[in-house]
Amino acid sequence: MTVRVGVVTFPGSLDDRDALRAVRIAGAEPVALWHKDKNLQQVDAVVLPGGFSYGDYLRCGAISRFSPVMESVIEQAQAGLPVLGICNGFQILCESHLLPGALTRNDHLHFICRDQKLRIENVSSAWTSDFAQGQEITVPLKNGEGGFVADERTLDMLEAEGRVIARYLDVNPNGSRRDIAGISNAAGNVVGLMPHPEHAVEPLTGPTTEGLPFFTSILKRLVNA
Amino acid sequence: MARVVVDVMLKPEILDPQGQAVQRALPGLGFDGITDVRQGKRFELELEGPVDEAALARIREAAESFLANTVIEDFVVRVEEEGK
């Protein structure tokens, strides 16, 4: 069977093409989805890419969350559809309340763009099963509002339930609480990640190819399902 | 026409690096004695009809679900009096 992974383009998305390419390199069929279209074209999983959807007006992700496509994404994610939100996609997932917490302005106020070392902390989510537990990877990171915040009770819950899927190593680039780079929902099908694995899927264009397992994870899960 | 104002502020426990940057810049501009700055957003909503309890309830709903992210922000809804 061919696994079909949709990537949503919002007005202001930047990384939708790279996400589609990562899906293809991982061996799945990339399907372009449009923000105004509720129809998810029966894809097996959805990626919400990075960028500045709707110009980041109001708050990052706040307007995208109410787009027609997100109505379907939210409904189907609650029913188990695997969804990966990268950077702006992570912000949209938090604004949609599919994930707890919020992403706030970097504590040092600078936009950062660097290759960032991460540790994969949970390999049971839909998007991380192809990693080794504790695996250290380097992928690009680029954001102005990437500081993950949540109240202490929520942070404790995320830790206790193993829902911190990746943590920053060496430096905390944006003031994220507890060095959190990515989290999942309780069921593990929805994952939000601030760094950009889709930019690290082939040697020509990425610092590494260590972002690829995010995309092969979903492929394996769906093929075996 | 009636105006309703919604003020949105980061919750006190959420770091406000923009406010801090403003606070740090003030002494250099000759504005001394300001010990803290928090930066927020103000929305001015013009209403078609009267500002009754039903209209305010709808605005509170809009503030809660859209204008503010209540995970990190608090909001206050108030009616601006005529002639101001």
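Residues are numbered from 1 along each chain as its sequence is written, while chains are lettered from A and ligands numbered from 1 in the order in which they are written. In this predicted model, local features need pLDDT of at least 70 and side-chain atom pairs count only at pLDDT 80 or more, whereas totals for chains, interfaces and linings use all residues.

**View 1. The open sheet of chain A has nine strands.** Two strands pair if DSSP finds at least two bridges between them. Strand 2 and strand 7 of chain A are the edge strands, each pairing on one side only. From one strand to the next, the twist averages 25°; axes here are lines fitted to C-alpha atoms, for helices over the stretch in contact, and angles run from 0 to 180 degrees between N-to-C directions.

**View 2. Strand pairs in chain A run in both senses.** Look for strand 1 and strand 2 of chain A, which pair in the parallel sense over six bridges. Here Val5(A) has Pro30(A) in strand 2 as its bridge partner. Strand 6 (residues 112–120) of chain A pairs with strand 7 (residues 136–143) of chain A in the antiparallel sense, over eight bridges, and Asp115(A) stands opposite Pro140(A) in strand 7. Strand 6 of chain A also runs antiparallel to strand 9 (residues 164–168) of chain A, joined by three bridges. In strand 9, Ala166(A) stands opposite Ile120(A).

**View 3. Helix 2 of chain A has buried residues on one face.** Within helix 2 (residues 68–78), Val69(A), Met70(A), Val73(A) and Ala77(A) are buried. Seen down the helix axis, the buried residues fall within an arc of 90°, so they line one face of the helix; the arc is that of the directions from the helix axis to the C-beta atoms. A residue is buried if 20 or more other C-beta atoms lie within 10 Å of its own, exposed if 12 or fewer, and partly exposed in between, with C-beta atoms placed from the backbone. Their cover includes strand 1 (4–9), strand 2 (29–34) and strand 11 (190–193) of chain A, among others. Just after the helix, Gly80(A) takes a positive phi of about 115°.

**View 4. Chain B has an open sheet of three strands.** The order is 2-1-3, with antiparallel pairing. Strand 2 (40–47) and strand 3 (73–80) of chain B stand at the edges with a single partner strand each, so one side of each is left without a neighbour in the sheet. Strand 1 (residues 2–10) and strand 2 of chain B pair over eight bridges, and Ala2(B) has Leu47(B) as its bridge partner. Helix 2 (residues 53–67) of chain B lies across strand 1, strand 2 and strand 3 of chain B, at about 155° to strand 3.

**View 5. Chain A and chain B touch each other.** The contact takes 11 residues from chain A and eight residues from chain B, where two residues are in contact if their C-beta atoms, placed from the backbone, lie within 7 Å. The predictor gives the complex an ipTM of 0.86 and a pTM of 0.94.

Key
Helices (H or I, at least four residues) and strands (E, at least two) are DSSP runs, numbered from the N terminus.
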